[in-house]
Amino acid sequence: MGAVRVLAIDGPSGSGKSTLAGKIVADLAGRGVRVALVSTDDFATWDEPVSWWPRWETGVLEPLRAGEPGGYRRVDWSTGIPQPGEEVEIDVPDVLVLEGVSSGRARIRPSLSLLVWLDGGSEAERLDRAVARDGAESRAELRRWQLFERGWFTVDGTRMAADYRIS
C-alpha cells in the first residue's frame, strides 16, 4: 500500500484484538515509528457488521495509498446504541494497524504486510469477556454477533489466511 505498511489484527469478538493492537501501537510509537490505529468498531454496527467496508476504503485506504491523510466519521458506541460520532483524521503513518472483526478480510489481504489472527478461547469465554467490556445489556446482541462472525470467518477463510495465529 504505497509506503504505508498495514497490519491487520483479526479474530472473533472478545478475543483480545484491541489489547494486542494497543500494545503493538505503543511499542512501535516508543521506537519512533509513525503509527496509526483504526478499529473496525469505529465503522461497524449491530445491523452493519461488515458492509461498511467501502467507507473505510474511500476514507482511509485510498488517501493513504496516495500519500494523503485519511479520515472518517467514527461510530459512537457510548450509549450502547451506535450513532454517528466524531470525525477522525489520520495522518500518513509508517504503519497502519487495522484491528477488529473483518480487518483481515480477503479484499484487503493483497494490501496487507501482515495478518494476525487471535482465537481468544471458547465462544463462551469470548462472550463473557465482551459482555464484561460492553455491559450486560449487550449480551443478546453480542451473541447474535458471534453467530454472524462464525459464518463470516468460515466463508472468508480469515483464520487460515493469517500469517500468525494466536490461541
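Q: Is Ser102 buried or exposed, and what is its relative accessible area?

A: In this model Ser102 is buried, with a relative accessible area of 0%, where buried means under 20% relative accessible area, exposed over 50% and partly exposed in between, computed with a 1.4 Å probe on protein chains only. The model is a predicted one, in which local features need pLDDT of at least 70 and side-chain atom pairs count only at pLDDT 80 or more, while totals for chains, interfaces and linings use all residues. Residues are numbered from 1 along each chain as its sequence is written, and side-chain values use heavy atoms, with hydrogens and water left out.

Q: Where does Ser102 lie, and what does Ser102 touch?

A: Ser102 sits in the loop between strand E5 (95-99) and strand E6 (114-118); helices (H or I, at least four residues) and strands (E, at least two) are DSSP runs, numbered from the N terminus. Not counting residues up to four places away in sequence, Ser102 touches Asp10, Val50, Trp52, Trp53, Trp152 and Phe153, contact being heavy atoms within 4.5 Å.

Q: Which way do the side chains of E5 point?

A: In a regular strand the side chains alternate between the two faces of the sheet. In E5, Val95, Val97 and Glu99 point one way and Leu96 and Leu98 the other, and all are buried; because 5 of the 5 residues of E5 are buried, this strand is largely enclosed by the rest of the structure.

Q: Which strands are joined to E5 by bridges?

A: Two strands pair if DSSP finds at least two bridges between them. Strand E1 (residues 5-10) runs parallel to E5 and is joined to it by 5 bridges, and strand E2 (residues 35-39) is likewise parallel to E5, with 5 bridges. Leu96 in E5 is the bridge partner of Val6 and also of Ala36.

Q: How do E3 and E4 run, parallel or antiparallel?

A: Strand E3 (residues 70-76) and strand E4 (residues 83-90) run antiparallel and are joined by 6 bridges, with Tyr72 opposite Val88 in E4. The two strands form a hairpin with 6 residues between them, and Gly80 in the turn has a positive phi of about 90°.

Q: Which residues of helix H1 are buried, and why do they line one face?

A: An α-helix has 3.6 residues a turn, so residues three or four places apart point the same way. In H1, Lys17, Ala21, Val25 and Leu28 are buried. Seen down the axis of H1, the buried residues fall within an arc of 70°, so they line one face of the helix, the arc being that of the directions from the helix axis to the C-beta atoms. On the other side of H1, Thr19, Lys23, Ala26 and Gly30 are exposed, whereas what covers the buried residues includes E1, E2, E5 and E6.
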